[in-house]
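Biologist: I'd like to learn how to read pockets in a protein model. Could you walk me through it?

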Amino acid sequence: MKLSGAELRFVSLPLVTPFRTSLGTQTVRNALVLRLETSQGEGWAECVADDEPGYSPEYLMGAADVIRRFFLPRLFAVEELDPAGVAVALDGFRGHPMAKAAVEMAVLDASLRATGTCLSAYLGGVRHRVPVGVSVGITDTIDELLGLVDKYLTAGYLRIKLKIQPGWDIEPVRAVRETFGPSVPLTVDANTAYRQSDTRHLRRLDEFGLLLVEQPFAPEDLYSHARLAAAMDTPICLDESITSARDAVSALRQGACSVINIKPGRVGGYLEARRVHDVAQAHGVPVWCGGMLETGLGRAANLALAALPGFQLPGDISATARYYTEDITAPFSVTDGHLDVPSDPGIGIVPNPASLDRLTTSAERIVR
Ligand code: NPQ
Ligand code: MG
């Protein structure tokens, strides 16, 4: 197919409750929605970059700029564009995986819509619903944290992930374990907040029977993760460190992790995400789908990915209501701890025009 135009829309979705991690506090999700116009019809996507370069070096306005200034002109020049061709066409541009992932997602959506195929079937999904967990931010008090965990367990979430940082780790984890018992699937995510000298401290987490500890150290520091993995009983999971299937091979061969969190934006798209999944499967290592406070567009596509066989742990793919009162698409809800994998063509969902307009802060159209 041929690309003829694009619309970039900035949307602003207030969070139902502030989300605090070791990186900072989020009260609103500003996202970039991309609509591509092609010879075969439209394709929708979102870019998961945040306002600020905190979680990763990418940020929303930078992602929009690299798409507008470099990616679209390059893609307009491709005569026969298909999903795999996006990464090929953009290969000469370094970095910007979240921006690349957004463009690839929109091309995937347009081309699968045109052939009546759903993303999950295209990627090789094997389930029609997927188990889901919830990521619980840092709170002011342990009582407040226990209240949230109670609410999410009542809502049916099958795994609780606690955000941790130095000064908010052993005690909140102990409190959740003591209150809700040993059988609640529990994980922690540090978002790189620790240093190798914290190893003795982190080993104290071993007594709580966690499913995994996510990304304790800096993204580039595979060595320290390998040392920690050898020193701890709890499996180490990498998130920020894994930006490609090649990184996954490297981390697994070094013993830096035994679980991988897959986020399509972080690895440059759904096709690379599947390759990370395939690498992990070849190593007998489970993966799970991470979350980036997606709108309904990214949530739909993540559900398709999480239907692949190697996704053996509940994902950070919560109900819409966990994050937003109003989304740009119809909401997703949890039933018995699961979310349904969309089965309509493409990513399986489109924005609701009225909601999209209400939540849009600015828009621009770019033509060939
Ligand atoms: C993680 N997500 O697994 C991330 C971190 C994260 C659901 O825990 C704006 C955009 C704010 C993306 C805050 C979850 C964010 C963000 C935290 C991602 O590490
Ligand atoms: Mg994480």
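Biologist: Which element gives the most to the lining of the second largest pocket?

Modeller: Keep in mind that this is a predicted model. As for the general idea, rolling a probe the size of a water molecule over the atoms shows where empty space is left. Here, β2 is the top contributor to the second largest pocket, giving six residues to its lining.

Biologist: What is the volume of that second largest pocket, and which residues are closest to its centre?

Modeller: Its volume is about 500 Å³. It has 27 lining residues, and T21, L23, Q26, D50 and Y55 are the closest to the centre. The elements giving two or more residues to this lining are β1 (3-21), β2 (24-38) and β6 (160-163).

Biologist: Where does the second largest pocket lie relative to the domains?

Modeller: Look at who supplies the lining. Both domain 1 (3-116 + 352-367) and domain 2 (121-340) give residues to it, so the pocket lies between them. By class, the lining has eight nonpolar, nine polar and ten charged residues.

Biologist: And the largest pocket, what lines that one?

Modeller: That pocket has a volume of about 740 Å³. Its lining has 31 residues, with G95, P97, T243, R266 and V267 nearest the centre. Two or more residues come from each of α2 (83-89), α3 (97-115), α10 (264-267) and α11 (270-282). The largest share, four residues, is from α3.

Biologist: How do the residues of that lining divide by class?

Modeller: Eleven are nonpolar, nine polar and eleven charged. Domain 1 and domain 2 each supply at least three residues to the lining of the largest pocket.

Terms used. Residues are numbered from 1 along each chain as its sequence is written. Chains are lettered from A and ligands numbered from 1 in the order in which they are written. This is a predicted model: local features need pLDDT of at least 70, side-chain atom pairs count only at pLDDT 80 or more; totals for chains, interfaces and linings use all residues. Side-chain values use heavy atoms; hydrogens and water are left out. On a 1 Å grid over the protein atoms alone, a cavity is a set of points where a 1.4 Å probe fits but cannot get out, and a pocket is an open set with protein on both sides within 12 Å along at least five of seven lines; lining residues have an atom within 4 Å of a point. Grid points are joined across faces, edges and corners, and a volume is the space filled by probe spheres set on the points. Ala, Val, Leu, Ile, Met, Phe, Trp, Tyr, Cys and Pro count as nonpolar, Asp, Glu, Lys and Arg as charged, and the others, Gly among them, as polar. Domain bounds come from an automatic or database domain assignment.
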